[in-house]
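Reader: I have a structure to work through. Can you take me through it step by step?

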2 protein chains.
Amino acid sequence: MDVFEGIYTRRSVRDFSGMPVEKEKLQEILKAGSWAPSGLNNQPWRFAVVSGSEKRAELAGLTRYSRILLQAPVAIAVFADHSAMYNDTKDQQAIGACIQNMLLAAHALGLGAVWLGEILKNAGAVRDVLELSEHLELMAVLAVGYPDRNDQVSTRKMMPELLVKEF
Amino acid sequence: MDVFEGIYTRRSVRDFSGMPVEKEKLQEILKAGSWAPSGLNNQPWRFAVVSGSEKRAELAGLTRYSRILLQAPVAIAVFADHSAMYNDTKDQQAIGACIQNMLLAAHALGLGAVWLGEILKNAGAVRDVLELSEHLELMAVLAVGYPDRNDQVSTRKMMPELLVKEF
C-alpha cells in the first residue's frame with residue numbers, strides 16, 4: 001500500500017470479524033512502531049500484547065469501550081518507560097508517532113485498529129492487570145483485528161483553518 | 001512508496017541541497033499531517049510555514065541547530081491550539097502522529113525532513129517571531145528540503161527490550 005493511500009484511507013476500526021491476527025503481522029506492526037523517530041532517539045515506547053481473552057476481558061472492564069476490546073482479537077497496550085524518558089511533551093509526541101506507525105502498518109496489512117485513549121483514566125489499573133512495574137506509564141491501548149466493515153467515513157478541517165501563517 | 005518502505009527508510013535529514021520545495025509538495029505534506037487521528041477528532045494541530053529566508057534566519061537564531069534552519073528551504077512550525085485541546089497527553093500524542101505523517105509524506109515525495117524539538121526551549125520567542133497569538137503553543141519545527149545525501153543509518157532497540165509482556 002502506498003504511503004499516501006495509507007494515510008488518507010486509514011480509519012478507526014471498531015468492528016472486527018472473528019478472524020485471528022497472524023503472529024507475523026503483529027510482529028510487523030510492533031516493528032513499524034519501533035521505527036518512529038524520538039528525541040535523542042530515546043525510544044521511550046514499550047508494548048504489552050494481549051491476545052488472551054481472559055486478560056482482554058479484564059482490560060475491557062476498565063473502559064467504557066469494553067465491547068471493542070472484547071471483540072478485537074488483539075490489544076496492544078503502549079507504555080512510556082520513565083527510565084527512558086527525557087521530556088514529557090517530546091516523549092508523548094514520539095509515542096504518538098510510534099502509534100501512528102502501528103496504525104498505518106495495521107491498515108497496510110489489511111487489518112484495522114482503533115486508538116483508545118479513554119482507558120487512560122484507569123492507567124494504574126491497566127498496569128496492575130498487566131503485572132507491570134511502576135516505571136511504565138500507560139499511553140494508549142490499540143485494538144487490532146480484521147475489520148468487519150470498511151465503510152467508515154471521516155472528515156478533517158480544511159487547510160485554511162490549519163495553516164495559520166505563511167512567510 | 002510503500003508504507004513499510006516509508007516507515008523503515010525514513011531518516012532525519014539535516015543536510016539539504018539548494019533545491020526549493022514545490023508548493024504542491026508542501027501542501028501535500030500538510031494535508032498528510034492533517035489526516036492523523038486525534039482524540040474526539042479534535043485535530044489540535046496548526047501549522048506555520050516559513051519559506052522566506054528572513055524569518056527563517058530569525059527562527060534559526062532560536063536554536064542551537066541554526067545551520068539546519070538556514071539551509072533547509074522550508075520550515076514548518078507545528079503548534080497546538082489551546083482552544084481545540086482537551087487533554088495534554090492525548091493532544092501531544094496526536095500532534096506526534098500528525099508530525100509522523102508529515103515526515104513520511106516528505107520522504108515519500110523524495111524530500112527529507114528533520115523534527116526539531118530543542119527549539120521548544122524558546123517556544124514563546126518562536127511564537128513572537130511568527131506573530132501568532134497566545135493560544136498557539138509551539139510543539140515542534142520541521143526542516144524540509146531535498147536531501148543532500150542519502151547515506152544516513154539509524155538503529156532501534158530489539159523487540160525483546162520493547163515487548164515487555166505478552167498474554
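Reader: Which residue is the bridge partner of B:Trp115 in strand 4 of chain B?

Author: This is a predicted model. Strand 3 of chain B is joined to strand 4 (residues 136-145) of chain B by 5 bridges, and the two run antiparallel. In strand 4 of chain B, the partner of B:Trp115 is B:Leu142.

Reader: In what order do the 5 strands of the open sheet stand?

Author: The pairing in this open sheet is mixed. The twist from one strand to the next averages 20 degrees. The order is 5(A)-1(B)-2(B)-4(B)-3(B).

Reader: Which strands stand at the edges?

Author: An edge strand here has a single partner strand, so one side is left without a neighbour in the sheet. That holds for strand 5 (163-166) of chain A and strand 3 (112-116) of chain B.

Reader: At what angle does helix 5 of chain B run to strand 4 of chain B?

Author: Helix 5 covers residues 88-108 of chain B. It lies across strand 1, strand 2, strand 3 and strand 4 of chain B. Its angle to strand 4 of chain B is about 15 degrees.

Reader: Is A:Lys157 buried, partly exposed or exposed?

Author: A:Lys157 sits in the loop between strand 4 (136-145) and helix 7 (159-162) of chain A. Buried means under 20% relative accessible area, and exposed means over 50%. A:Lys157 has 24% relative accessibility, so it counts as partly exposed.

Reader: How far apart in space are A:Lys157 and A:Arg46?

Author: A:Lys157 touches B:Arg46, among others. A:Arg46 is another matter. In sequence, A:Lys157 and A:Arg46 are 111 residues apart. C-alpha to C-alpha, their distance is 32 Å.

Conventions: Residues are numbered from 1 along each chain as its sequence is written. Chains are lettered from A and ligands numbered from 1 in the order in which they are written. This is a predicted model: local features need pLDDT of at least 70, side-chain atom pairs count only at pLDDT 80 or more; totals for chains, interfaces and linings use all residues. Side-chain values use heavy atoms; hydrogens and water are left out. Two strands pair if DSSP finds at least two bridges between them. Helices (H or I, at least four residues) and strands (E, at least two) are DSSP runs, numbered from the N terminus. Axes are lines fitted to C-alpha atoms, for helices over the stretch in contact, and angles run from 0 to 180 degrees between N-to-C directions. Contact means heavy atoms within 4.5 Å. Buried means under 20% relative accessible area, exposed over 50%, partly exposed in between (1.4 Å probe, protein chains only). Lists of a residue's contacts leave out its neighbours within four places in sequence.
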